[in-house]
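Subject: Structure for you, with notes on rings and cores

Hello,

Here is the structure you asked for. My notes on the aromatic rings and the nonpolar cores follow it.

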Amino acid sequence: MSKSLLEQLPEIVARGRQQAERILESLEGRHRVALQTREWVLPARDAAMPDWVDGLRPQAPDADAWSNRLIYGDNLLAMAALLAGDEHTASLRNRIDLIYIDPPFDSKADYRTKVVLPGVELEQRPTVIEQFAYSDTWSEGTASYLAMITPRLLLMRELLAANGSIYVHLDWHVGHYVKLVMDEVFGKENFVNELIWQGAVGDTSAKNKKFIKSHDTLFFYRKGGVEPVWNDVFQAFSGASDKLYNRQDAGGRYRLAPVDNPGGGGYVYDLGLGEKLPRNGYRMPLATALDWLQKGLLLVEPGKVPGKKLYKNPEGVRCRDVWTDVRSLQSNESIGYATQKPSGLLERVIAASTREDQLIADFFGGSGTTAAVAERLGRRWITSDLGKPACMIMRKRLIDQGARPFLYQAIGDYQLEAAKSTLGRSFRIGDLSGIVLSLFGARPLPAEDNPLRNLGALDEGRRTLVLVDSPNKLTGGATLRRAVALRDSLLGGWDKVVVLGWNFDPAIGQSIDALADPRLEVLVIPPDLLDRLKRGGLERLRLQVRFSSLQYLSLHPVERRPHGDREHLRVRLANYVLLSPEAINLDEANRAKLHRVMNAEPLALIEYWAVDPDYDGEVFRSVWQDYRGNAARGDADPLRVTAEACFAVPYRAGPRRLCVRAVDVFGFEAEVSLDVAEVAP
């Protein structure tokens, strides 16, 4: 007989502790996980490019100053990197003042992303990395969910400051189980509140013979041991409060609170003002009563028991643990993200548990509400998400509200062995690589020459080596150089090498061009492969799976026009080519719709693009951006970006190294960098 969930819980927590301990032990190693800065975002909402950009000229973020950060990738790895620190940022262990997370809590949720293009609406399934995370989180129902969340909560406790707080937002699906885990991780004595937020109302159908679900739960814990950060927050008085506060004097409206001792055996004394003595004596000593009397806080009337004046606070009533006054997400705030939470909810949490300039983290960033509110309230922030669409939405949202410059980072390249040691579990990449090789028509190389089980040979009339890259990393220039080296040295050399990748570095096109190797081919593995395997099986897919070429971005010639001590740049998008929709996780009907848009208006696939006019080859400083629906553009089009960037920069002699990065509506990135020659005045 299988164990119940309660019987499994101690084992789940123990395994989570072991996993977290392995990660913490690895932080001192040479192969610790690190973050790569993909972009330093200097928000410039106006497509006309205002001159204030001149004040943001440093070649990279100041290593000694804090930069807020948006991180793409597995939050377990992101937290490991933050705990480890690097040459630019010290470890954040015991440094984060508030953590709020809103993790997924419905195993039956449909996490497809709706993509709207001119004339069509598509449904995109999760990326392969998201599929891994989703299947691991729910493979065994709630037990798997708890196995996912436990090591993450343990790492959050390591990051939390001694006087810090954590709020975990859940609902009835898993909330009561997570509460038990949090008691173990943070200590039952550090539990502060179970907060009830009346959010969106559930199914109101009369067929449901039950009470209507209308609330979520937030579990509020502190790290404990020192005085916590706390600021009183207030709710508005109800309409009936005037009846309660039914007296008034020069100090305002007030009500009388009893001063007798309800348990009996209170203080017995006579104030000598003709008052009636309380039956059970006073609850406060005589000195306190006289102090209140002197301050006008004690109302004494002849023949009546005294009462203490409680004035109506103009700020409202101190906040209770049931929040019916925080409105559900309104249409004018919605950015189209399914699990978006209203700003008012985060405003209350942040206002209560932090001071200005303190550091807030949200490791399930979603729509970016935590970062957006923290930015507006003058707090520092870190947010992360595993989904590319979520990171894209957060970046646009922060730019749109004129955020301070922030870093967009990703988990650095790491080998399969490092991922295994970090995550403490098998990723089954070897098995997956074998399936990919089989579908590509390649036979695996012998084990002694193929330790990672990701190399194969293709029988096509010449010796072709096939390398399957890991779905846990970005395929970039380093992988291509390794593939070429293997082609030239392994087993006497090969005529050609084919690299099959899941996720690619944005500059992969330029890496291919730089190698200029006709005996190297790079193809995209269909990201929906796992889902299709579940539905159709390996044999059925052999003739259906196609491995596509990479997408790429092209520009019209960039124009430089000198004007005194400045020069004007004009950058125009020429084309965006997605050579095959097989690279996108779509079903056949949605793929056909995509084809129509690709053929008619390829630039409509671009969601966001940015320009760095002085690219140093390391940190991309996006000093100009545009994105679909940019509110700063008078002609803001929710379905199209502007194809032209015109802006002024300080004059620079000689060529400028200019870089353009674009993100399409599916979250794929592309990059072009080029030297633009100086034009004589």
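In what follows, contact means heavy atoms within 4.5 Å. Please keep in mind that the model is predicted.

By that rule, Leu153 touches Ile101, Ile166, Val168, Val178, Val181, Met182, Val185 and Phe186, with residues up to four places away in sequence left out of the list.

Leu153 belongs to the largest nonpolar core, which has 52 residues. Along with Ile166 and Phe363, Leu153 is among the residues with the most contacts inside that core.

Now the rings. A search of the whole structure gives 10 aromatic pairs. In one of them, Phe237 and Tyr245, the ring centres are 5.5 Å apart and the planes stand at 75 degrees; planes over 60 degrees apart count as edge-to-face, so this pair is edge-to-face. Phe237 is partly exposed, at 23% relative accessible area, whereas Tyr245 counts as buried, at 8%.

Trp381 and Phe406 make up another pair, this one tilted, with 5.6 Å from centre to centre and 50 degrees between the planes. Trp381 lies in strand β17 (residues 380-385) and Phe406 in strand β18 (residues 406-411), so the pair ties together parts that are 25 residues apart in sequence. Trp381 is buried, with a relative accessible area of 0%, and Phe406 is buried as well, at 0%.

There is also an aromatic cluster, formed by Tyr167, Phe220 and Trp230.

The charged end of Lys308 sits over the ring of Trp292, at 4.2 Å from the ring centre. Arg395 lies over the face of Tyr408, 4.5 Å from the centre of that ring.

Regards

Technical notes. Residues are numbered from 1 along each chain as its sequence is written. This is a predicted model: local features need pLDDT of at least 70, side-chain atom pairs count only at pLDDT 80 or more; totals for chains, interfaces and linings use all residues. Side-chain values use heavy atoms; hydrogens and water are left out. Rings of Phe, Tyr and Trp (its six-membered ring) pair if their centres lie within 6.5 Å; planes under 30 degrees apart count as stacked, over 60 as edge-to-face and the rest as tilted. Buried means under 20% relative accessible area, exposed over 50%, partly exposed in between (1.4 Å probe, protein chains only). Helices (H or I, at least four residues) and strands (E, at least two) are DSSP runs, numbered from the N terminus. A charge sits over a ring if NZ of Lys or CZ of Arg is within 6 Å of the ring centre and within 35 degrees of the ring normal. A nonpolar core is a set of buried Ala, Val, Leu, Ile, Met, Phe, Trp, Tyr and Cys residues joined through side-chain atoms within 4.5 Å.
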